[in-house]
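Dear colleague,

Please find below the structure that I am handing over to you. My findings follow it, beginning with a term that you will need.

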Amino acid sequence: MCTYQTVKVELDGAAKGANGWFTLTDGAVYVDHPYHACHEHTVNIDFTNPGDGPSARVAVELTEESALALVEAIRQALAAAPPGLASASGRRAGAA
Amino acid sequence: MSDAIWAGTVAVTGHGDAELEAYLARPLGDAPRGGVVVIHHMPGYDPGTKEFVRTFAAHGYAAIAPNLYSREGAGVSPDDQAAAARAKGGVPDEQLVGDVAGAAAHLSSLDHANGRIGVIGHCSGGRQAFLAACELDIDAAVDCYGAFVVKDPPEEYPTMAGSIVAKAPNLSCPLLGLFGEEDRFPAPDEVAELDAELTRLGKEHEFHTYPEAGHAFFAVERPAFRPAAAKDGWEKIFAFYGRHLNA
């Protein structure tokens, strides 16, 4: 099935694509047919910068289990670091 | 009879006079032939779609698949184009109709065209094949497991693809529908509803639902591929086009 569903998110960071590093501005997450992965449906994540054109894109196609494991890994990594360390607004006031 | 074909990229004029990339395949012989517009699925203008196009040419038709995501930029890989188009909400129905019309006009302009045009689409393209057949003067349409023809998508699906069954009275040609019994979009009840509506309207149609097949059973490079259903489906397609596209 084509779900047509797309969850969009604003992103601040960088990604390395086919043409090297670029600044990230947007992300999209959707559960649908993959382009490359050998599964019928996958969780597809696009890291993009539409301002740099459609080729400014890093694409990931994950199984549901992998996607959830990735979410958990991100949460664990953030929990293990001082709060605010990777925040766009810099370290939280009072942090060493 | 010669089985030689030509295949390659051409330019066609789509909706709003946009120049679209398109993949054309046609026999090299000089026998009169019908044309087939192949509507690619949501993942885009991919190798599987081009293989469908060549298959029609190998069976004597001129076939063309317009890249519906051409507007995302020339020289951009098809998967990146698909992602960019998706992020913008997909292809509007009006644009799709214009692009199919442009592709059909290109086929009609070719030498040895017999003036008959078929459309076929898979997945989202199945819905779009039905749409094109309601909006354009087509001679035969094939809908392979297109969802959201009768039913609207669930509310949490932010998509432009909504029910188009209200257009069914304008269906311009016979419709062949090929579906998988295990598919959820479209599920068998949606297929049955479309079947009943076309019967009520007196529209010529032929539906087949294959057991032990789900969505995308024609896609040889995907786990959903079901050889028995695909083999029989291709036979149904060529028999159908043989009846309606050969002048």
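Please bear in mind throughout that the model is predicted.

**The fold of chain B**

Chain B contains six helices and eight strands. Starting at the N terminus, their order is β-β-β-α-β-α-α-β-α-β-β-α-β-α. The C-alpha atoms of this chain fill a box of roughly 45 × 40 × 35 Å along the principal axes. A compact globule of 247 residues would have a radius of gyration near 18 Å, and the 17 Å of chain B agrees with this. Of the 247 residues in chain B, 57% are buried. Among the contacts in chain B with a separation of 6 or more, 70% join residues 24 or more positions apart.

**Backbone details in the loops**

B:Ala216 is buried, its relative accessible area being 8%.

A cis peptide bond leads from B:Phe185 to B:Pro186, with omega near 10°. The loop that holds B:Pro186 runs between strand S7 (175-180) and helix H5 (188-201) of chain B.

**The contact between chain B and chain A**

In this contact, 30 residues come from chain B and 19 residues from chain A. The two chains bury about 2,300 Å² between them, with 60% of that area on carbon and sulfur atoms. B:Asp80, B:Arg86 and B:Arg222 supply 24% of the area that chain B buries against chain A, more than any other three residues.

Chain B and chain A are joined by three salt bridges. B:Asp79 forms a salt bridge with A:Arg57, in which the closest N and O atoms are 3.5 Å apart.

On the side of chain B that touches chain A, helix H2 (78-87) and helix H4 (124-135) each supply at least two residues. The largest share, seven residues, comes from H2(B). By type, the residues of this side divide into 18 nonpolar, three polar and nine charged.

With kind regards

Note on methods. Residues are numbered from 1 along each chain as its sequence is written. Chains are lettered from A and ligands numbered from 1 in the order in which they are written. This is a predicted model: local features need pLDDT of at least 70, side-chain atom pairs count only at pLDDT 80 or more; totals for chains, interfaces and linings use all residues. Side-chain values use heavy atoms; hydrogens and water are left out. Contact means heavy atoms within 4.5 Å. Buried area is the accessible area (1.4 Å probe) that two parts lose on being put together, summed over both. A salt bridge is a side-chain nitrogen of Lys or Arg within 4 Å of a carboxyl oxygen of Asp or Glu. Helices (H or I, at least four residues) and strands (E, at least two) are DSSP runs, numbered from the N terminus. Ala, Val, Leu, Ile, Met, Phe, Trp, Tyr, Cys and Pro count as nonpolar, Asp, Glu, Lys and Arg as charged, and the others, Gly among them, as polar. The radius of gyration is taken over C-alpha atoms; the globule rule is 2.2 Å times the number of residues to the power 0.38. Buried means under 20% relative accessible area, exposed over 50%, partly exposed in between (1.4 Å probe, protein chains only).
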